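I opened my notebook to look up a few spots in this structure, one entry at a time. Follow along with the model beside you.

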Amino acid sequence: MIATRRRFLTFALALPAIAASVRPAQAETQGIYANDGIAIDGTDAVAYFRESRPVAGNPLIAYEWNGAVWHFASEENRAAFVADPEAFAPQYGGYCAYAVSEGYTASTVPEAWRIVDGKLYLNFSRRIQRRWERDIPGRIVAGNANWPGVLE
């Protein structure tokens, strides 16, 4: 019985260290916001540029890039992304641009987006996006300074 208690106490004391070493599934990607390995919630990144709106991607039209799977609404959009992923992938790996400018990461929603100087930025919500829009140039400078350090 003493051995059992000792094992339990040893495990209980080791648990915080074990938990600290475990990274969320998103960390397995290379700086890309991805749930279950799917980038930017399965939204077609190219559609923001071509259709000026978020469009759900089709899981059957996919491409793996930077450790995440990207979905597209059409073969044409996938081909454009494959040819130049950096041109279409959102800044800060698809994490919330406001959060990154503040020094942390947060998830995003497809509806909170903006293209600035040919680059796609996503935000946690429309409310947070309005906050980010109060000083877009300053937020981008701060986000660029914080990225990718906020992933550590």
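**Entry 1: isoleucine 40.** I looked up how covered isoleucine 40 is, and at 3% relative accessibility it counts as buried. I noted the cut-offs: buried means under 20% relative accessible area, exposed over 50%, and partly exposed in between, with a 1.4 Å probe and protein chains only. Isoleucine 40 sits in the loop between strand E2 (38–39) and helix H2 (45–50). Helices (H or I, at least four residues) and strands (E, at least two) are DSSP runs, numbered from the N terminus. The phi of isoleucine 40 is near 40°, a positive value in a residue other than glycine.

**A note on the model.** This is a predicted model, in which local features need pLDDT of at least 70 and side-chain atom pairs count only at pLDDT 80 or more, while totals for chains, interfaces and linings use all residues. Residues are numbered from 1 along each chain as its sequence is written, and side-chain values use heavy atoms, with hydrogens and water left out.

**Entry 2: aspartate 117.** Here I found another positive phi, about 50°, in a residue that is not a glycine. Aspartate 117 lies in the loop between E5 and strand E6 (119–122). Is aspartate 117 buried or exposed? At 76% relative accessibility, it counts as exposed.

**Entry 3: helix H3.** I went along H3 (residues 75–83) and found Asn77, Ala80 and Phe81 buried. They are on the same side of H3, because they cover an arc of only 95° around the axis. That arc is taken from the directions from the helix axis to the C-beta atoms. Glu76 and Ala83, on the other side of H3, are exposed.

**Entry 4: salt bridges.** Side chains of opposite charge can pair when their charged atoms come close. The rule I used is a side-chain nitrogen of Lys or Arg within 4 Å of a carboxyl oxygen of Asp or Glu. How many salt bridges does this rule give? The count comes to four, and I looked at some of them.

- Glutamate 75 and arginine 78 meet at 2.4 Å, N to O. They are three residues apart in helix H3, so about one helical turn separates them. Glutamate 75 is partly exposed at 43%, and arginine 78 is partly exposed at 22%.
- Glutamate 133 and arginine 114 form a salt bridge at 3.4 Å, N to O. Glutamate 133 is in helix H6 and arginine 114 in strand E5 (residues 113–116), so the pair ties together parts that are 19 residues apart in sequence.
- Arginine 53 pairs with glutamate 51, and their closest N and O atoms are 3.0 Å apart. Arginine 53 is partly exposed at 43% relative accessibility, and glutamate 51 is partly exposed at 37%.

Entry 5: Isoleucine 136 is in helix H7 (residues 136–146). With a relative accessible area of 11%, isoleucine 136 is buried. Then I moved on to proline 148, in the segment after H7. What is the peptide bond from tryptophan 147 to proline 148 like? This bond is cis, with omega near 0°.
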